[in-house]
Amino acid sequence: MQIALVEIQRRVQARVPLPWIQVDPEWLRAQQAAGRPLVRFREIPLDWTDFRLTFRQTADILHRFDALERADHQVIVALGREGNLLEPLVTRWYDATSGVDAAADPGARQRATGDAPPSVEHVLVLAIRPFLARCAEALAQRMDLSTWTHGHCPCCGWEPDFAVVTPAAERRLVCGRCAAQWLFATLTCPYCNNDDRTLITSFATRDGRYRVYGCDICKRYLKAYDARNAPRPLLVAVDTIATLPLDAAAMQRGYQG
Ligand SMILES: [Zn+2]
Ligand SMILES: [Zn+2]
């Protein structure tokens with residue numbers, strides 16, 4: 001399933017143009033100081049025909065591999081066909097989950113997807129990735145994100161779902177929605193900011209290639225590629241798939257993704 005998803009994303013991303021994101025330096029400083037990300041919805045190079053297709057294909061793959069129930073799949077695919085429903089839903093959902101403008105109120109995220117089943121969020125995250133990833137690329141080339149110290153993404157506000165330990169023994173988090181990377185304290189939990197290292201359980205695979213950090217406060221875990229002494233840099237698509245057995249190991253120890 002992961003391989004099929006990566007395949008679609010690669011195909012779509014190759015068609016998406018690199019956006020020119022105009023950022024006023026004052027605004028950039030204010031956003032960063034407030035812990036708010038930088039990509040506004042209007043800056044995402046979304047081609048709606050392409051997005052709708054990616055959205056439907058993603059739902060089909062999740063359904064085919066039993067990661068999406070039949071009833072949910074039907075509702076979601078119908079949503080993808082009706083242009084006048086999907087566009088406002090995606091706009092509202094991005095605004096409610098990015099936090100670019102201001103902290104959205106707690107109900108905004110749920111209202112954004114309306115009557116759609118909760119599983120629609122999984123499909124949205126995967127379907128918007130090829131478009132958002134181009135924004136993250138554009139920003140990484142032009143902006144200094146080194147002052148960002150938050151657990152959420154400096155580009156789109158989503159949470160990390162992977163990490164890499166650099167040869168300098170620093171840890172970079174990888175956003176689960178746009179794949180942007182940013183530095184974050186090695187033994188702090190990005191999900192709840194727990195920085196008591198006695199309450200972070202970290203273990204490595206036998207070959208030392210991968211690590212898992214489990215937080216004993218919020219019970220969530222994060223996987224990482226250890227690039228110290230590694231023959232190649234992080235390849236998010238490859239390493240996410242290579243570490244699927246680690247998810248089972250982390251869950252066995254009582255952590256959740
Ligand atoms: Zn992001
Ligand atoms: Zn935590």
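Strand β5 (residues 210–215) is largely enclosed by the rest of the structure, because 5 of its 6 residues are buried. Buried means under 20% relative accessible area, with a 1.4 Å probe and protein chains only. Strands here are DSSP runs of E with at least two residues, and helices are runs of H or I with at least four, numbered from the N terminus. This is a predicted model, where local features need pLDDT of at least 70, side-chain atom pairs count only at pLDDT 80 or more, and totals for chains, interfaces and linings use all residues. Residues are numbered from 1 along each chain as its sequence is written, ligands are numbered from 1 in the order in which they are written, and side-chain values use heavy atoms, leaving out hydrogens and water.

β5 has strand β4 (residues 200–204) as an antiparallel partner, over 5 bridges. Two strands pair if DSSP finds at least two bridges between them. I200 is bridged to C215 in β5. The β4–β5 hairpin has 5 residues between its strands, and G208 in the turn has a positive phi of about 75 degrees. β5 also runs antiparallel to strand β6 (residues 221–226), joined by 5 bridges. There, G214 is bridged to Y221.

Now the metal site. C153, C156, C175 and C178 coordinate the zinc ion (ligand 1) through their SG atoms, at 2.3 to 2.4 Å. Donors are N, O and S atoms within 2.8 Å of the metal (3.2 Å for Na, K and Ca). The 4 donor atoms subtend angles of 100 to 119 degrees, so the arrangement is tetrahedral. Four donors count as tetrahedral if all angles lie between 85 and 135 degrees. C153 and C175 are both buried.

Note on methods: Four donors count as tetrahedral if all angles lie between 85 and 135 degrees; four count as square planar and six as octahedral if opposite donors are over 155 degrees apart and all others between 65 and 115; anything else is irregular. Buried means under 20% relative accessible area, exposed over 50%, partly exposed in between (1.4 Å probe, protein chains only).
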